[in-house]
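Take a look at the structure below. Keep the sequence beside it as you read.

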Amino acid sequence: MKRTILYHLVQTLGGIALTDWNQTSQETKRVLAPHEPPPLEVVNAQGSSEFFLICEHAGNRIPESLGDMGLSEEDRQRHIAWDIGARAVALELSKMLDAPLYMQRYSRLVCDCNRRPDVPSFAPEKSEATIVPANQNLSAADREARAEEIFWPFHNAVMEALDARDAAGRTTKLVTVHSFTPVFHGEKRPWEIGVLFNRDRDFAPRIYEWLTTNTDRVIGSNEPYAVGDDSDYAIPVHGEKRGIPCVEFEIRNDLIADPANAPRWAGYLRDAVTAVTAVL
Ligand SMILES: [Zn+2]
């Protein structure tokens, strides 16, 4: 009874102040309201490029049903919620290459679209040192609802687009665009661009070499982290499983927090992927 009353209050008041984050209700509620935007935002779908771009952490929207997730406005703007600056760089790169770009609008704290839905960090209870109240003791049904309404629509659309290119006999190279925080758990990170890969041992390492040789930027090879099956989704599934060349870029977010800097950093990525492609 108490829960029913609370539930109605939450519905009435928009779920902001009164949500009981610790309830373990098995009721399946819709995550996204009908008037909220879909997770997927596509730009330049018909782009002529062989490069196909993905930006999974492009947005920090939180569905109205989750209120503020129990987080301060400041926390909802931090790197824990999204990849600061990545959207602007991805948009520039899409324009420069005439490449299709698939972006995801909702915060990775709601569901991380670069994680399999079965790993804990898909809906993290804690991100860096910040507890995420709305993600404590999530039921399987709650996780599934987020996956069904956000994760799968995004990745199914990517899959269909890649299948269609394949069926049309088009070459595809997959490029994902991310950003990372300059300081993590108190450690300063020196790299400006990270080139991340795992099973791709040709395209991505060549990109690292090219950037190291042809720019004066600080480039990391699998820094600040490497691609893995538990810590990534797009590269292992849409790239490696298909056997297509693939690379994940990470740009330090203090360099791209101002969107005015996006063209410069997108330019490095464009120069690298096109130079390497020319000699592959
Ligand atoms: Zn990211």
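Residues 1-18 are another matter: their pLDDT is below 50. Beyond near neighbours in sequence, this stretch has 16 contacts in the model. Where pLDDT is low, the predicted coordinates should not be read in detail.

Now find strand 3, residues 101-104. Side chains in a regular strand alternate between the two faces of the sheet. Here, Leu 101 and Met 103 lie on one side, with Tyr 102 and Gln 104 on the other. Are these four residues buried or exposed? All are buried, and both faces of strand 3 are covered.

Which strands pair with strand 3? Strand 1, residues 40-43, runs antiparallel to strand 3 and is joined to it by 4 bridges. Strand 2, residues 51-55, runs parallel to strand 3, with 3 bridges between them. Look at Tyr 102.

Move on to strand 9, residues 193-196. Ile 193 and Val 195 point one way, while Gly 194 and Leu 196 point the other way. All of them are buried.

Strand 9 has partners too. Strand 9, helix 5 (residues 203-214) and strand 10 make a right-handed β-α-β unit. With strand 11, residues 246-252, strand 9 runs antiparallel, and 4 bridges join the two. Val 195 has Phe 249 of strand 11 as its bridge partner.

Key: Residues numbered from 1 in each chain as written. Predicted model: local features only at pLDDT ≥ 70, side-chain atom pairs only at ≥ 80, totals over all residues. Buried ≥ 20, exposed ≤ 12 C-beta atoms within 10 Å, placed from the backbone. Pairing = 2+ DSSP bridges. pLDDT = per-residue confidence, 0-100. Contact = placed C-beta atoms within 7 Å. Right-handed = clockwise from strand over helix to strand, strands pointing away.
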